[in-house]
Amino acid sequence: MTSTLTRLPRPYQSYVYAYPHKTAYRPLAPRPTLHEVWAGEPRDPLSLYLHIPFCEIRCGFCNLFTRVGAPGDLTTRYLDALTRQAETVRACLGTEHSPRFANAAFGGGTPTFLEAGELIRLCDIAERVMGADLDAIGFSVETSPATATTDRLAVLAGRGATRISLGVQSFDENESRAAVRPQRRADVETALARIRDTAVDVLNIDLIYGIDGQTPASWRYSLDAALAWQPEEIYLYPLYVRPLTGLSRRDRAAADLAWDEQRLRLYREGRDHLLTQGYEQQSMRMFRRIDAPAPGPDDYSCQTDGMIGLGCGARSYTRNLHYSFDYAVSAQEVRAIIDSYTATTDFDRAVVGRAIDADEARRRHLLQSILQADGLPVADYRARFGTEPHTDFPVELARLAERGWLADTGPARLRLSPEGLAYSDAIGPEFFSTAVRAAMAEYELR
Ligand code: SF4
């Protein structure tokens with residue numbers, strides 16, 4: 001086992017949920033106005049994302065942009081700023097070609113950290129200010145066991161939520177403590193029951209493998225506890241130990257082959273178990289119940305269409321620019337950025353971001369397709385760019401083929417093999433451009 005791993009790249013290098021990563025963003029000089037940024041951009045369809053950067057605890061594995069607690073009237077001031085930002089963005093999009101939103105999501109942090117009345121405000125910002133018809137398009141929201149209260153869930157269900165995602169991570173209380181996310185199993189079960197009571201279409205449960213002390217038996221225990229709820233979706237996340245997070249302060253060698261082996265073994269066991277329990281694999285992390293309701297009419301394509309992100313940790317995407325606000329992980333820096341956001345009165349310019357040229361657009365399109373179990377329809381790539389993926393990425397794709405990471409799907413589709421999917425977090429970084437790699441390497445994490 002070890003000898004095989006030493007010939008291959010390390011399997012857990014980088015979770016490519018968006019390309020380029022925020023650590024490749026830089027302050028924009030000059031700062032373009034949003035009117036300029038969105039001029040000529042298609043607005044039909046767009047995706048809408050609202051970011052709530054508050055959590056009741058800071059999990060040891062988490063490097064998302066969030067802070068613990070919200071003293072005083074901070075959530076009110078945050079929603080005030082979110083309203084100002086939404087009004088400005090909506091005005092900058094103009095009235096001639098009104099945006100049409102095909103999907104929406106509330107993420108974080110923990111959106112349900114907000115109380116019921118504040119969640120009503122959040123929905124109003126999406127609907128009344130941005131013009132997203134939440135009831136028609138549905139929306140996804142992330143929650144946690146402690147904040148999934150009946151009144152908050154009722155607001156979300158009443159406003160049209162179609163997917164509620166609960167970060168459980170482990171049903172074993174010792175493992176939860178080891179991942180620095182202490183929680184009682186009984187509280188998790190109560191939250192799951194409350195979510196099921198809302199009758200929202202899709203319940204997603206997040207689980208983590210690779211926790212200290214986790215064994216194949218305890219992993220199966222968590223998987224079966226999740227399966228007992230027959231969630232429409234299950235995400236299996238490998239544990240990462242990231243700089244500046246709670247776990248990174250522990251004395252653990254990151255370059256730990258034994259840990260890689262543990263995670264690969266648990267991944268395979270988890271995947272195989274879910275496949276025998278009526279789930280199909282959508283990506284390395286995502287599994288969907290075969291008989292789950294279809295994910296609704298969605299004509300939005302994450303490879304090509306734009307996104308409006310609101311809130312101080314949200315990104316926005318046009319064809320030529322990805323932009324956001326400043327990014328940090330440490331508690332002190334995150335607090336400073338949130339304070340600066342809540343004091344902002346003028347949201348009409350993009351502050352931090354990265355230009356997307358034709359080469360980066362190709363890389364992004366390929367990454368966002370090939371890391372899905374369905375893979376990349378070559379005709380889509382050809383129609384968008386006028387070139388062939390094998391011509392644009394000869395070395396990278398030959399390497400995948402040599403390692404047995406490409407499925408034999410013929411020339412019409414590029415798809416990862418099951419082993420390729422297992423190594424998704426090693427494959428993603430191989431398609432990063434030299435410039436993005438350099439920017440990420442130079443970035444000083446705060
Ligand atoms: S994992 Fe979720 S609940 Fe935990 S700190 Fe990160 S955003 Fe908050």
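**Note on the predicted model: ligand site, fold and cores**

1. Eleven residues are listed here by name around the ligand: Cys-55, Arg-58, Cys-59, Cys-62, Leu-64, Thr-66, Gly-108, Gly-109, Thr-110, Ser-144 and Gly-167. This is a predicted model. By class, the shell around the ligand holds 6 polar residues, 4 nonpolar ones and 1 charged one.

2. The protein chain has 18 helices and 17 strands. Its radius of gyration is 21 Å, close to the 22 Å that the globule rule gives for 446 residues, so the chain is as compact as a globular protein of that length. Along the principal axes, the C-alpha trace spans about 60 × 55 × 45 Å.

3. Of the 446 residues in the protein chain, 41% are buried. Taking contacts between residues at least 6 apart in sequence, 79% join residues that are at least 24 apart.

4. In soluble globular proteins, nonpolar side chains tend to be buried together. Here the largest nonpolar core has 91 residues, and those with the most contacts inside it are Leu-48, Leu-50, Ala-104, Leu-122, Ala-126, Ile-195 and Leu-207. Helix H3, covering residues 74–93, gives the most to this core, with 7 residues. Apart from this core lies another, of 19 residues, including Tyr-19, Leu-366, Leu-376 and Tyr-423.

5. Which residues does Leu-207 touch, leaving aside those up to four places away in sequence? They are Val-168, Gln-169, Ser-170, Ser-222, Leu-223, Ala-226, Ile-234 and Leu-236. Leu-207 is also one of the residues with the most contacts inside the largest nonpolar core.

Technical notes
Residues numbered from 1 in each chain as written. Predicted model: local features only at pLDDT ≥ 70, side-chain atom pairs only at ≥ 80, totals over all residues. Core = buried A, V, L, I, M, F, W, Y, C linked by C-beta atoms within 7 Å. Buried ≥ 20, exposed ≤ 12 C-beta atoms within 10 Å, placed from the backbone. Helix = DSSP H or I, 4+ residues; strand = E, 2+ residues; numbered from the N terminus. Contact = placed C-beta atoms within 7 Å. Near = placed C-beta within 6 Å. Nonpolar A, V, L, I, M, F, W, Y, C, P; charged D, E, K, R; others polar. Rg over C-alpha atoms; globule rule 2.2 N^0.38 Å.
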